[in-house]
Amino acid sequence: MKKLFSLLAMCLVSLGMMAQAQLVVTVTHGETTTAYYGIDAFQTAVNAAQNGDLLTFSPGIFHGANINNKGITLRGNGCEGENATIIDTDISIEKPAADGTPTLSIEGFDCQKPIKFSGSVTNEDILISKCNMNSLWTLETNRREGVVKKLNVIQCKIKEFTTFLQDSEANFINSVVAKLQYGYYNQHNFSFTNCVLYMPIDQKVTFFARNSVIVTNSGAVNGSFIVPPTLENCIVTGVLEDMPKIIPEHTATASQYMPLTSVFKTATNNVYADDTFELTESAAAILGTDGTQLGIHGGSLPYDPTTTYPRFITFDVAEKAVDGKLAVSVSTTE
């Protein structure tokens, strides 16, 4: 009996040490929390989750997941730094949840591959916040278009491209958005508030930008917009000789052109060489409609990648079991 207990205790300790080294995703359903371990824990946790559940991720690198008909909350450990939660394959969303159920919320991830909306359904009321994303797009599957409505993207950075198919609607707030494109139809509506939006932008995209910086590059637009974009208190910047021809028909209120070197403190033609997107003193003096500076550091939600909830700093498991239980010590930010 003693040998059996000793063997069990050793197994518990071994499992505890493995848990310490492994990736962890917890699923909270009501008052019950269940832990899943390993690089595929994201998909396992999603499969186990029910509408309204909370999924909390440790730091580390996870594979992505397919989220189908689930209204859940995903909390990563942050999108920057050594304690970030990194997703190294696609996140595919095929409808967050059935009508009348909780919606999908994603915060605090470094997504190194696309977040994509797929299938023939409409994805509505989705929130993506405080994430770094390779790209964000809707996917055509067997000529059926994924549509996104009421998508809100807040305090995020999209590095490669942003592409939506027919009749999509999205609001971007205090975010960096790369290469805005349309899919196969031109009934789109996008709004940008306190964003950095950089071209090329497809001429078939309909968008409104307020208190934002639009960064052009050579040959960004090969013709006129079908519906000229509306700009309110914006800066259009880029290669000086190209700027007058980039958006020749835009409707602008209190907006102006400025050379790139006059806008960002660290300025290059590739805007992502400047990860801070801090403005020069002269650019910061140009105030938006709310009296704050333009770009991601102004407005009511100045850019901040820090998550809105405590983050894991350490996750330690005791070396010995006491009364058959292993003590777990978790240290988080305040």
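## Exercises on charged side chains

Lys116 and Asp90 form a salt bridge, with their closest N and O atoms 2.8 Å apart. A salt bridge here is a side-chain nitrogen of Lys or Arg within 4 Å of a carboxyl oxygen of Asp or Glu. The model is predicted, so to speak of local features requires pLDDT of at least 70, side-chain atom pairs count only at pLDDT 80 or more, and totals for chains, interfaces and linings use all residues. Residues are numbered from 1 along each chain as its sequence is written, and side-chain values use heavy atoms, leaving out hydrogens and water.

**Exercise 1.** Find where Lys116 and Asp90 sit, and say how far apart they are in the chain.

Solution. Start with Lys116, which belongs to strand 11 (residues 115-117). Then look for Asp90 in the loop between strand 7 (85-87) and strand 8 (91-93). The pair links distant parts of the chain, 26 residues apart. Strands are DSSP runs of E with at least two residues, helices are runs of H or I with at least four, and both are numbered from the N terminus.

**Exercise 2.** Decide whether Lys116 is buried or exposed, and do likewise for Asp90.

Solution. Take the cut-offs to begin with: buried means under 20% relative accessible area, exposed over 50%, and partly exposed in between (1.4 Å probe, protein chains only). Lys116 has 15% relative accessibility, so it counts as buried. Asp90 has 27%, so it counts as partly exposed.

**Exercise 3.** Work out which parts of the chain the salt bridge between Lys265 and Glu278 ties together.

Solution. The N to O distance for this pair is 3.6 Å. Both Lys265 and Glu278 lie in the loop between strand 28 (256-259) and helix 4 (281-284), so the bridge ties together parts that are 13 residues apart in sequence. Next, check the surface: Lys265 is exposed at 58% relative accessible area, while Glu278 is partly exposed at 35%.
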